[in-house]
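Please look over the sequence and the model shown below. The paragraphs that follow lead from the chain as a whole to its details.

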Amino acid sequence: MLEKLKERSGGLCELCSKNEATEAYVVSPKKDDALENQVALCGTCLQNLAATDQSFYWRVIEGSIWNPEPSVQALSYRILQNYKEEDWASGVLSMVDLDEDVIQWALSGLETAAVHIDAFGNVLEAGDTVVLTQALDVKGTNFSAPKGTVVKKIRLVHDNHEQIEGKINEQMIVILTKYVKKNN
Ligand SMILES: [Zn+2]
């Protein structure tokens, strides 16, 4: 697949258009079954995708967002979302006129990409059991759950990867992921 992608991109990374493409990156939630779902990336862009605060680096998007390939547009748009509070990114977002399909693709991937992580870096999943790493006041009650409280069958809050829900004292409450530890 990478070879075909490189034909499309002239051998270069489709985000920075500077470095040689070395990876075929699938733009989630689409699958790797079609070339149209993928973007040719260089190692540097791939690394920066995993990092969170790379505003300076991602100025390359000012170019890639104009790529005719929907997959490149979607990935670029998705990255811009992370920096939309910054002038340069909101400027680009206000200038481009992407298909609604592409925007949906970009945003739907964002939701699946938001990973819930506990205080120790473990990935949390719905149905997991967690332990509170500090005492927690249960809002609206005078009940305080002590450190070490076991919370079973958690739910993930979809639009906020810093929050989960779980039952404490028979009450479903929102708990911050940074105050829990996954119990395996
Ligand atoms: Zn690159």
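How far apart do the C-alpha centres of domain 1 and domain 2 lie? In this predicted model, the distance between the two centres is 35 Å. Domain 1 covers residues 2–113, and domain 2 covers residues 130–182.

The overall form of the chain may be considered next. The chain contains six helices and ten strands. Its radius of gyration is 20 Å, whereas the globule rule gives 16 Å for 184 residues; the value for the chain is well over that figure, and the chain is therefore more spread out than a compact globule. Along the principal axes, the C-alpha trace spans about 60 × 35 × 25 Å. Of the 184 residues in the chain, 28% are buried. The contacts can also be sorted by separation in sequence: among those between residues at least 6 apart, 51% join residues at least 24 apart.

The largest nonpolar core has 26 residues, and the members that touch the most other members are Cys13, Val39, Leu41 and Ala74. Several elements, namely β2 (38–41), α4 (70–81), α5 (87–95) and α6 (100–113), each supply at least two residues of this core. Which element gives the most to this core? The answer is α4, which contributes six residues. When its neighbours within four places in sequence are left aside, Leu41 is in contact with Cys13, Leu15, Ala21, Glu23, Tyr25 and Leu46. There is also a second, separate core, which consists of nine residues, including Leu136, Ala145, Val151 and Ile164.

The last topic is a sheet. In general, the strands of a sheet pair through backbone hydrogen bonds, and the pairing is either parallel or antiparallel. Here, three strands form an open sheet in the order β6-β3-β10, and their pairing is antiparallel. Why is one side of β6 and of β10 left without a neighbour in the sheet? Both β6 (150–151) and β10 (180–182) stand at the edges, and each has a single partner strand, so one side of each has no neighbour in the sheet. Strand β3, which comprises residues 130–132, pairs with β10 in the antiparallel sense over three bridges. Within these two strands, Val131 stands opposite Lys181 of β10.

Key: Residues are numbered from 1 along each chain as its sequence is written. This is a predicted model: local features need pLDDT of at least 70, side-chain atom pairs count only at pLDDT 80 or more; totals for chains, interfaces and linings use all residues. Two strands pair if DSSP finds at least two bridges between them. Helices (H or I, at least four residues) and strands (E, at least two) are DSSP runs, numbered from the N terminus. Domain bounds come from an automatic or database domain assignment. The radius of gyration is taken over C-alpha atoms; the globule rule is 2.2 Å times the number of residues to the power 0.38. A residue is buried if 20 or more other C-beta atoms lie within 10 Å of its own, exposed if 12 or fewer, and partly exposed in between; C-beta atoms are placed from the backbone. Two residues are in contact if their C-beta atoms, placed from the backbone, lie within 7 Å. A nonpolar core is a set of buried Ala, Val, Leu, Ile, Met, Phe, Trp, Tyr and Cys residues joined through C-beta atoms within 7 Å.
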